[in-house]
Amino acid sequence: MLRKSLLCASLLLAGCDPDSKQDADSFREGLPSKQMVEVASPGPGGQGLTAASAENQTSEYYVLTVAAAASINGGTLGVLGLIEAIVKHPPSSIQGDVAVWGPHTEALSPITWKLTVTRTDDDTYGWVLAAKAKIEPDTNFKTVLAGSHTAAVDDDGERRSGYGSGQFLIDWEKNNSLPGNEGETGVATMEIRYARTAPNAVASVEADFQVDAGGGTLASANYRFKQAPGTGGELDYVVKQNIDVDPTRSKLEKLSIKSRWERTGLGRSDIKLSGGDLFGEATINECWDSNFRSAYHAVSYNPAIGYGTVSACGSFSTAVYSTL
């Protein structure tokens, strides 16, 4: 940053402006990309896998870890893909620190979109994706996605393309009120916080869900993902909902899962079930090998169904439970 400032100072009479970041590409850099918020998981994807715990069979909790990552990606990558498609086009207007794309309606779509990006600091932006029915007036735009993003910069103050940090909130209830989406239920809101600031930096993604559990009640789910370059990763997943099938017991139980894996694919999950109508805590521990086959399984409430030795867990010989 110092080098750049001195250069601009020496060229001031020639019109150098270090704060001139009001072109279309600068506003595009003020938005998150799919790569910034994608959650990795051990293995190639987990499609077609069974979910039965048995020695030398595909690990149940490996499958669950892959599914947990997919649940985050499924909620974020689609909407961020929409934003990336929108900003491939020139903005409709740039006025000072505000760039607007739209309003725009695809040829056969019943929905009209508008994206507004506002620079709030040198490399920080706020953004809002709003939508309405095509036939409605512009006064009916509603915010379905909004957030803030800070573009990462190097030691010289130059932006690192594809890197940054920020947060956004997806309002699925408003999205589901749009034409063609009526009747969809499930996630009510989803808040994402992410950081991928440099090629050699630890990447993190946090996701908090509010989920329609039926009967007018909401359950919550929380995810925390972290991965250092060239290594494996770890994913915490906690859900609070009424897991008990007895209709007379309605308290919310807490299910927490912490999965860790090496670059080879070998990994471990430590699971704890507590609270609600339970009379105590229950734990399950499972390790899988580099081919995702269950190699170690321990169950606190029924030790007889366990198998293997903890030596099969590689560097994950000690249980670590989620603190969420």
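This is a predicted model: local features need pLDDT of at least 70, side-chain atom pairs count only at pLDDT 80 or more; totals for chains, interfaces and linings use all residues.

Author: Residues are numbered from 1 along each chain as its sequence is written, and side-chain values use heavy atoms, with hydrogens and water left out.

Reader: Which residue of β2 is the bridge partner of Gln 95?
Author: Helices (H or I, at least four residues) and strands (E, at least two) are DSSP runs, numbered from the N terminus. Two strands pair if DSSP finds at least two bridges between them; β1 (residues 93-95) and β2 (residues 98-104) run antiparallel and are joined by three bridges. Their hairpin has two residues between the strands, and Gly 96 there takes a positive phi near 65°. The partner of Gln 95 in β2 is Val 98.

Reader: How many residues lie between β2 and β3 in their hairpin?
Author: Strand β3 (residues 111-119) runs antiparallel to β2, and five bridges join them. Trp 101 has Leu 115 of β3 as its bridge partner. The number of residues between the two strands of this hairpin is six.

Reader: Which side chain makes a polar contact with the side chain of Tyr 125?
Author: Tyr 125 belongs to strand β4 (residues 124-133) and, at 0% relative accessibility, is buried (under 20% relative accessible area; exposed is over 50%, partly exposed in between; 1.4 Å probe, protein chains only). A polar contact is a pair of N or O atoms within 3.5 Å; within protein, one must be able to donate a hydrogen and the other to accept it, and residues adjacent in sequence count only if both atoms are side-chain atoms. A polar atom of the Tyr 125 side chain lies 3.3 Å from the backbone oxygen of Ser 26. The side-chain partner, at 2.8 Å, is Arg 159.

Reader: Is Thr 283 buried or exposed?
Author: Thr 283 lies in strand β13 (residues 282-288). Leaving aside neighbours within four places in sequence, Thr 283 is in contact (heavy atoms within 4.5 Å) with residues including Ile 271, Val 299 and Tyr 321. Because its relative accessibility is 16%, Thr 283 counts as buried.

Reader: Which element gives the most to the lining of the largest cavity?
Author: On a 1 Å grid over the protein atoms alone, a cavity is a set of points where a 1.4 Å probe fits but cannot get out, and a pocket is an open set with protein on both sides within 12 Å along at least five of seven lines; lining residues have an atom within 4 Å of a point. The largest cavity has about 30 Å³ of space, and its lining comprises Leu 64, Thr 65, Ala 68, Leu 235, Tyr 237, Ile 257 and Ser 259. Elements giving two or more residues to this lining are α4 (60-87), β10 (233-241) and β11 (253-261). With three residues, the one that gives the most is α4.

Reader: Which element gives the most to the lining of the largest pocket?
Author: The largest pocket holds about 320 Å³ of space, and of its 16 lining residues the closest to the centre are Arg 28, Glu 29, Leu 31, Ser 33 and Gly 162. At least two lining residues come from each of α2 (24-28), α4, β5 (142-153) and β6 (159-171). Four residues come from the element that gives the most, β6.

Terms used: Grid points are joined across faces, edges and corners, and a volume is the space filled by probe spheres set on the points.
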